[in-house]
Amino acid sequence: LTDQLFLQKIIEFFYLNKLLLNDIQNSFRDVAFEDGIGIWEAEAIDNYLVGNEYELLKNKDERVDWNNITFDYTIQFEMTFAFWDAKGTKFILPKVLQLALMLEEENEEQIPDWQYILAGICQREQQHLFNDKQKNTILHFLNYQIQKSAENEWDEYDSLALDSLIERWKV
């Protein structure tokens, strides 16, 4: 690539990334946690806590605005995804997607496994919990990842996994 073309690609990806971050924010703006199982309660379940210890962790979960979920906790507790219920997953997912976009170039080891989470939602057949606008945002995110993977020459497995996720999230 020439320097000019390389610079153009960087600007294009930065612009798409910014649009996608805004799209996530707008699509998931009014998502409510309600009585879902979130990051902290899932951690309590994963550690077999009961009684007061369980309640203490459960009460740490953000329940009003997913924007208040910190990136640190999203990274630290992503492996508790198996214990998030549908409401918790829908509430936490936009933060996971944002984090994946914001950390994609900086520190790949800290990026939450968004493919695992999106595939898990499909495996549980929970896509119906998302409205069309949210599904389109997820598709936008997945298409962005495919475009990015073409640049990074991901292996065939990753490409097939992304194609499969796109098929399962189509509106």
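**Close-up views of a predicted model**

**View 1. Phe-28, Phe-130 and Trp-169 are linked into a cluster by ring pairs.** This is a predicted model, in which local features need pLDDT of at least 70, side-chain atom pairs count only at pLDDT 80 or more, and totals for chains, interfaces and linings use all residues. Residues are numbered from 1 along each chain as its sequence is written, and side-chain values use heavy atoms, with hydrogens and water left out. Rings of Phe, Tyr and Trp (its six-membered ring) pair if their centres lie within 6.5 Å; planes under 30 degrees apart are stacked, over 60 edge-to-face, and the rest tilted. The structure holds 5 aromatic pairs. In one of them, the ring centres of Phe-28 and Phe-130 are 6.3 Å apart and the planes meet at 75°, so this pair is edge-to-face. It links distant parts of the chain, 102 residues apart: Phe-28 is in the loop between α1 (3-27) and α2, and Phe-130 is in the loop between α6 and α7 (132-152). Helices are DSSP runs (H or I, at least four residues), numbered from the N terminus, as are strands (E, at least two).

**View 2. Phe-130 also forms an edge-to-face pair with Trp-169.** The centres are 5.3 Å apart, with 80° between the planes. Trp-169 lies in helix α8 (residues 156-169), 39 residues from Phe-130. Buried means under 20% relative accessible area, exposed over 50%, and partly exposed in between (1.4 Å probe, protein chains only).

**View 3. Ile-39 lies in helix α2 (residues 39-46).** Its relative accessibility is 4%, so Ile-39 counts as buried. Which residues does Ile-39 contact, leaving aside neighbours within four places in sequence? Among them are Asp-61, Tyr-73, Phe-77, Trp-84 and Ile-92. Contact means heavy atoms within 4.5 Å. Ile-39 and Ile-92 are 53 residues apart in sequence, yet 8.1 Å apart in space, C-alpha to C-alpha.

**View 4. Helix α6 (residues 114-123) is largely enclosed by the rest of the structure.** Why? Because 7 of its 10 residues are buried. They are Trp-114, Gln-115, Ile-117, Leu-118, Gly-120, Ile-121 and Cys-122. After α6 comes Glu-125, with a positive phi near 55°.

**View 5. The charged end of Lys-60 sits over the ring of Trp-40.** It is 3.9 Å from the ring centre. Likewise, the charged end of Arg-124 sits over the ring of Phe-81, 4.5 Å from its centre. The rule: NZ of Lys or CZ of Arg is within 6 Å of the ring centre and within 35 degrees of the ring normal.
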